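Please have your viewer open as you read.

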Amino acid sequence: MSITPIGGAFDRPGRKVTTASLRDQKLHHQKITCLTAYDYASARLVDEAGIDMVLVGDSLAQTMLGYENTLSVTMDEMLHHVKAVRRGVKNALLIADMPYGSYQVDAKDAILNAARFVKEGGAEVVKLEGGERRADLIRRIIDAEIPVAGHIGLTPQSVNVMGGYKVQGKNLGAIEQLMRDAVALDRAGVAFMVLEGIPREVAAMITNEVSTPTIGIGAGPECDGQVLVFHDLLNLTFHTPAKFVRRYGDAAALITESVQAFRADVKSQQYPSDEESYHLPMDTRTALDTVLARKRAMGR
Ligand code: KIV
């Protein structure tokens with residue numbers, strides 16, 4: 001890697017986002033922004049761009065690790081990324097996603113795993129999927145001084161139960177369940193709730209009903225804020241994006257062009273140039289020239 005340092009302490013102006021300031025944003029109708037990040041560089045760029053929340057999502061299973069879905073990613077894999085992101089984030093609120101299997105078995109395990117994200121990873125909030133039936137567990141984690149975010153609607157860890165990634169809340173029964181889920185999370189005291197893959201009208205009703213900030217992904221514009229996956233935003237996913245994704249840049253094209261240009265320059269000896277090379281100090285150069293001339297003169 002380059003010998004120019006990239007890490008270490010950095011000064012960054014701006015206000016620290018907290019769970020309390022998120023509620024203020026909802027109260028004052030200021031939209032909340034959230035992006036996923038999974039490593040130091042992307043976390044730092046997202047934070048410096050002024051995004052309110054950085055989520056180390058279990059979507060890293062697919063985006064970073066190439067798994068088919070989010071079910072395989074482990075606590076240790078998640079922690080590795082949370083620690084890297086922590087080093088890049090200063091002002092944004094840092095959220096760690098609890099992976100599948102880390103909170104479904106029993107409450108004690110769930111609290112221990114949530115505490116690892118805080119203690120070892122430096123996360124400020126943990127997020128877990130599910131509504132009404134997770135309310136008691138969420139209360140217990142909050143009792144352990146760990147803020148929790150909820151996630152309802154299309155919950156990717158339930159992919160096998162849902163039979164695919166399908167928009168939820170499309171009939172009256174499902175809408176009623178979603179409302180019950182949202183109210184249960186609100187009462188349990190979550191810091192915010194992600195509404196994923198639900199009709200705009202239902203997300204708007206939930207957002208009006210609860211005092212907790214709602215953060216939408218594929219849930220329409222009435223939510224209190226929006227979250228997108230970093231790799232979706234930048235065309236780094238290698239698949240056709242979902243309907244709700246807006247691509248703000250084409251990092252895949254940029255990376256491919258840059259890599260191809262590097263390859264071509266090396267092959268054609270255009271890289272590195274003399275300006276990109278280190279040189280001997282003048283006195284060493286003179287001494288070396290003298291030694292080489294002497295060797296040539298001696299016929300060696
Ligand atoms: O894992 C993730 O990226 C998420 C977002 C889609 C909200 O949970």
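Is K16 buried, exposed or partly exposed? At 32% relative accessibility, K16 counts as partly exposed; buried means under 20% relative accessible area, exposed over 50%, and partly exposed in between, with a 1.4 Å probe and protein chains only.

## About the model

This is a predicted model, in which local features need pLDDT of at least 70, side-chain atom pairs count only at pLDDT 80 or more, and totals for chains, interfaces and linings use all residues. Residues are numbered from 1 along each chain as its sequence is written, and side-chain values use heavy atoms, with hydrogens and water left out.

## A partly exposed pair

The structure holds 12 salt bridges, each a side-chain nitrogen of Lys or Arg within 4 Å of a carboxyl oxygen of Asp or Glu. One of them joins K16 to E124, with 3.0 Å between the closest N and O atoms. E124 sits in the loop between α5 (107–119) and β4 (125–127), and K16 in the segment before α1 (19–27), so this pair ties together parts that are 108 residues apart in sequence. Helices (H or I, at least four residues) and strands (E, at least two) are DSSP runs, numbered from the N terminus.

## Two buried pairs

K26 and D224 form another salt bridge, their closest N and O atoms lying 2.8 Å apart. Because D224 is in the loop between β7 (214–217) and β8 (225–228) while K26 belongs to helix α1, the pair ties together parts 198 residues apart in sequence. Both count as buried, D224 at 11% relative accessibility and K26 at 12%.

Next comes the salt bridge between D97 and K127, whose closest N and O atoms are 2.9 Å apart. The two link distant parts of the chain, with D97 in strand β3 (residues 93–97) and K127 in strand β4, 30 residues apart. D97 is buried at 2% relative accessibility, and K127 is buried with a relative accessible area of 2%.

Let us return to K16 and E124. Through salt bridges that share partners, K16, R86 and E124 are joined into one network.

## Helix α9 and its cover

Which residues of helix α9 (residues 200–209) are buried? They are V202, A203, A204, I206 and T207. The cover over these buried residues includes α1, α8 (172–188), β6 (193–196) and β7, where contact means heavy atoms within 4.5 Å.
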